[in-house]
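Please open the model in a viewer and keep the selection tool at hand. The stops below are given in the order in which they may be selected.

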Amino acid sequence: MATNTLKQGSGKEIKKLFALLTGSISETLGSLVNREIVVRPTEPEVTDIETFLANLPRACAVARGAMDKGFAGKSFYALFEVPDAIAMAGLLMMTPDDVIAQRRTKGVLEGEDAEAFGELGNVLYSGLGNVLREQVGNIDSRFQDHGVVKPGVDKDGMLGSENIALFGFRMKVGDYPESTGALAIDAATAEAWNKAPLEFGGAEAAQAAQAAAQPSTSTSIRGDDDGLESIPAAPIRGTLAAFLMQPEVLRTLRRSCRRAGFELRRHGRGEIPNPAAHKNEVVVLDVPTGEDRRFDWCRRIKDISETTKVVLLIHHPSRQRVTQAFLSRADAILGFPCDEMLLAQKLGTLLPGASEPPAAPTP
């Protein structure tokens, strides 16, 4: 989906709430690092994770908070440009200014800076929780963990898979240059906090906003992206659950699903397959280098549900990795990149009444 901004005059409650929340950032972190921190809200937006990451101009440190009571299980995110995260961490530890400047230039949040950023997160979510209890009620928040996202990459799945409402802000820490940041929650929670549906400019944007309230795991292959409409659509004969790490896999898989007759449901990078939820479905796992735990996921799925078919797409296949795939009892094994027609053919063999042994890629 495209990024959509709120319609003028819409979302008054949520804007008021996030003005208070951004004010809390100034107060809690500013008092903690003993420097003035100025935070100015910008216009809220709703977008999907992939679009957000694709448009991310620079690396951001993410503090992830967990909510409970009436919003148990939901996450609440605070994003800061990495140099600002380093600066605030350094100020907390009373690091000399010249050392902070060097670390800001390096642009890597690590070691004692990463630990100090975690301490900042604890204080930050205590302040945010105070605002939420006063304004929303039946809610609390606590700091959970932190990580880093980069343009196009969220390797640790910090931001989950749901479409998010972004409440951006301009930020200035002491004498350091002004930067940008954001508070973010899933779109459905944003509407609940607004106590009314969020409206977006124009009819098309309103439709997109309505879709944004649904998890991205319900992605359909029937859209008109990636040239799908040029491919004859086979009748839907099954459901395919995709647990993908690399965005380039999605395009090939969408086109192959359309040819083979599968409804595609995409799950987030950080999600682990629940075997009980995928009985009588096909599960596709792409296995980049360094993600060999996905062979264990395959084995666990097959141990619990023989009716679930598992396809492994192995990046940079080697004899050892192909052997691992066979031992995990995968129903189909392919090297990636692979031809979409070949993948569609293999998917077709997994439908009821079809049978063909898995084809191993040549190392």
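Select asparagine 280 to begin: at 63% relative accessibility, this residue counts as exposed, where exposed means over 50% relative accessible area, buried under 20% and partly exposed in between (1.4 Å probe, protein chains only). Its phi is near 65 degrees, a positive value in a residue other than glycine. Asparagine 280 is placed in the loop between strand 10 and strand 11; helices (H or I, at least four residues) and strands (E, at least two) are DSSP runs, numbered from the N terminus. The model is a predicted one, in which local features need pLDDT of at least 70 and side-chain atom pairs count only at pLDDT 80 or more, while totals for chains, interfaces and linings use all residues. Residues are numbered from 1 along each chain as its sequence is written, and side-chain values use heavy atoms, with hydrogens and water left out.

Most residues other than glycine have a negative phi, and most peptide bonds are trans.

For a peptide bond that is cis, select phenylalanine 336 and proline 337: omega is near 5 degrees. Proline 337 belongs to the loop between strand 13 and helix 11 (340–348).

Now display the open sheet of five strands, ordered 10-9-11-12-13 with parallel pairing; two strands pair if DSSP finds at least two bridges between them. Strand 10 (262–267) and strand 13 (332–336) stand at the edges with a single partner strand each, so one side of each has no neighbour in the sheet. From one strand to the next, the twist averages 20 degrees. Four bridges join the parallel strands 9 and 11, and leucine 240 stands opposite valine 282 in strand 11. Helix 10 packs on the sheet, touching strand 11, strand 12 and strand 13; contact means heavy atoms within 4.5 Å.

Finally, select helix 9 (residues 293–304), whose twelve residues reach 17 Å from first C-alpha to last, close to the 16 Å expected at 1.5 Å a residue; the expected span is 1.5 Å times one less than the number of residues. Which residues of helix 9 are buried? They are Arg294, Phe295, Trp297, Cys298, Ile301 and Lys302. These cover an arc of only 155 degrees around the axis, which puts them on the same side of helix 9; the arc is that of the directions from the helix axis to the C-beta atoms. Their cover includes strand 9 (238–243), strand 11 (282–287), strand 12 (309–315) and helix 10 (319–327).

Notes
Axes fitted to C-alpha atoms, helices over the stretch in contact; angles between N-to-C directions.
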